Amino acid sequence: MGMGWYVVRRVVFAFFVTFTIVSITWGLLSAAPNPEVRQASTQAALEGGNPAEARENARQRLGLDRPAWERYVDYVVSIYTLEWGWSDTRSQPVTDAIANSLYYTVQYSVPWTILTVLIGPLVGLYSAANQYSWRDHVATGFAFFGYAIPNFFFGIVLLLVFGVELGWIPVIYNTQVPVFSVENIIQLTIPIFVLVTGSVGGITRVARNEAAEYVNSDFVKTARAKGVSVYRIYFQHVLRPTLVPVSTTLVSQLLALFTGASLLVEVVFGIPGLGRLLYNAVLSQDTSVVLGTTLFFTFVATIGNLIQDITYTVLDPRIDFSER
Amino acid sequence: MATQDPNKQFDQVDWEEINNSSGTSYSINALGTLVSIGAVLALVVYDILFVEQYTPTFAFVGWGYDVSQLDFLFAVSLIVFGFYGVLPLYQNKRMTRYYWRQFKKNRPALVSLVWLGFVFVVGILGPVFISAPEVALFQKYQPPAFMSIANNYPINCVGPVVDGACQGTLNHPFGTTRNGKDIFTMIVYGMQISMKIAFITTLIVITIGTAVGTTAAYAGGLIDEVLMRWVDIQQSFPTFILYLLILYIWGGGLFLFIVLFGLFAWEGTARYTRSNALSKVEEEYIKAVQLSGASTYRIVRRHVVPNTASSIITNVTLLIPVFILAEAQLAFLGLGDSTVPSWGQLISIGRNDLGFAPWITLAPGFVLFLTILAFNFLGDALLDALNPEANTESEG
């Protein structure tokens, strides 16, 4: 009953979670009236045809007249074999549309994640080292500010100040510039800044509170008495136990923002990434794209949670697996 | 909350009274809740059976407001909050004073409480006294008080025109929108919506969460396993995406919206309650109660839930801003209920006029920000006040 067995069970459970989610989306979709069928009958009625007949034809064309379990099995199989259907508005397979958008999402997500991982724990550690000083209060205030301000609203305000008033950043996102160019860095700075302030706040708080527990602990006092340097104390003795709970918060914060706020930030800044793909699909009633992007986000969340659990167990050797 | 009057010394306890009171007597809280909810239910029945669909509920007293399902649900949650949130504070004066002393040390939290109290009172009473924002195209783009805008944007400037710039007046303290709707009024109406979201979701989350948590803890075995695995699944579900999908498929008003929030956010509460119930079962006083023959329901109701209340309240205080933000985000995306003037709706209205009339977006945005901030400060302070072990930052 070692760690390997635990990881295997955790992976199997993650698969089960995706399966549940896929089933739920199927249930939701099949319980609601199909927009395409409705559209067909409306069109027939407008053109003087027979709405009921058109509805039947549409149902037959979409395969809705088959028994429920058959449609369900078909649906699940096609989801897991990545046949996510055809996007009418974009005239390309849904998987291609997602891959195209992912290209833009990755461009800001990667620097955002790296910055969050670097800044969050370090600021928290710094706060704990200078507890109740004005530096700590500034850091805490910043953390609360970043955590509480709605990201999309913060984005709008910054776009107003730096884009419209000062003209330092382009108001409209330019997709033509190469990935590694100064223009791209300039136009992505503000979105990344907004997302980093959003994700760093919670992490800083947890890191500060956890590190504060260790700052006055016996092993740190011993290290001080032995004459260990301050940096060594903080980075070797305090940071390591702090990172265990911080890692959980880190993943959950990043995931929460990735599946929520980043979507709106893309809409605000006009970045043609996944969030905007989902948004446009919702507006243009492109069900297969809505479903595809939704599933993509949920799969990312499931995998993220899996990674979170596994890092937690790897980082903390004290966790007992026999109970799990 | 376990004893009726904590100030009483042991030798002053009137055992006769306690002997008489045990059995099937109800506390004043339960009685009050039942009676009030009964009254609300009677009103609902009256509204459904006797009042025609498009007639206002209180037409007989001349109040022209049609009470919706949401309002009834809001009333129920306010009743529960009053009898189980506010009344116990009055009943246990000693504990209240202790909590208050702890809480007072945290100044940001105190300010937050004042702000939230303001939002609560204005949100509930404001819409009763201020009439709903109306379209007035001639008064579009009025600037906020003490600000000005070039006079070519508003058609009819309410205030004085100085050097070709329309000056703001106190008639429209926060200015008006593209349709000439008063922003201050819309923000007041938005307060009520935010408070509805806060209270109703809290009621749903606490009810389902504690029920599932205690059931899992006491049933154990397969039931526990299934319930907690479902909690795991729900936790890994990206809630915002789920709301988006459901709203896309079903479309829907604020009612569906709020119920959805509540139905998919109780997993944290369930976890807290379960782990707390499991650890409490080991405690001596629970064993004593068990030995004296109390039923499981009574143990859960009278001992486990009150002792878990602090962590549940803290958890919920930190959940509420998430709901309010989610509503604002969905409204901003244009997926919200377009018939209600929520803050997110207002922010998205102002987006196209950002270049020359930024107040339309900024005013509701800052109110939203302050409210979320206040809930976070409050949750943090509650964490300190109710749980002395987790002493995060009381020296604020």
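Two residues are taken to be in contact if their C-beta atoms, placed from the backbone, lie within 7 Å. The structure is a predicted model, in which local features need pLDDT of at least 70 and side-chain atom pairs count only at pLDDT 80 or more, while totals for chains, interfaces and linings use all residues. Residues are numbered from 1 along each chain as its sequence is written, and chains are lettered from A and ligands numbered from 1 in the order in which they are written.

**View 1. Chain B as a whole.** Among contacts in chain B with a separation of 6 or more, 69% join residues 24 or more positions apart. Chain B holds 14 helices and three strands, these being DSSP runs numbered from the N terminus (helices H or I, at least four residues; strands E, at least two). Of the 396 residues in chain B, 41% are buried, a residue being buried if 20 or more other C-beta atoms lie within 10 Å of its own, exposed if 12 or fewer, and partly exposed in between.

**View 2. Helices α10 and α13 of chain A.** The axes of α10 (residues 230-258) and α13 (residues 287-315) of chain A come within 9 Å and cross at roughly 175°, the axes being lines fitted to C-alpha atoms over the stretch in contact, with angles from 0 to 180 degrees between N-to-C directions. That crossing makes α10(A) roughly antiparallel to α13(A), a term for angles over 145 degrees. Residues making the contact include A:Leu243, A:Val251 and A:Phe258 of α10(A), and A:Val300, A:Ile307 and A:Leu315 of α13(A). By class, the contact has ten nonpolar, six polar and no charged residues, where Ala, Val, Leu, Ile, Met, Phe, Trp, Tyr, Cys and Pro count as nonpolar, Asp, Glu, Lys and Arg as charged, and the others, Gly among them, as polar.

**View 3. The side of chain A that touches chain B.** In this interface 32 residues of chain A are in contact with 31 residues of chain B. Helix α13(A) gives the largest share of the chain A side, seven residues, and that side has 23 nonpolar, nine polar and no charged residues.

**View 4. The largest nonpolar core.** A nonpolar core is a set of buried Ala, Val, Leu, Ile, Met, Phe, Trp, Tyr and Cys residues joined through C-beta atoms within 7 Å. Of the 158 residues in the largest one, A:Leu264, B:Ile183 and B:Ile187 touch the most other members, and helix α6 (residues 183-219) of chain B supplies the largest share, 20 residues.

Definitions and conventions:
Parallel < 35°, antiparallel > 145°, perpendicular 65-115°, else oblique.
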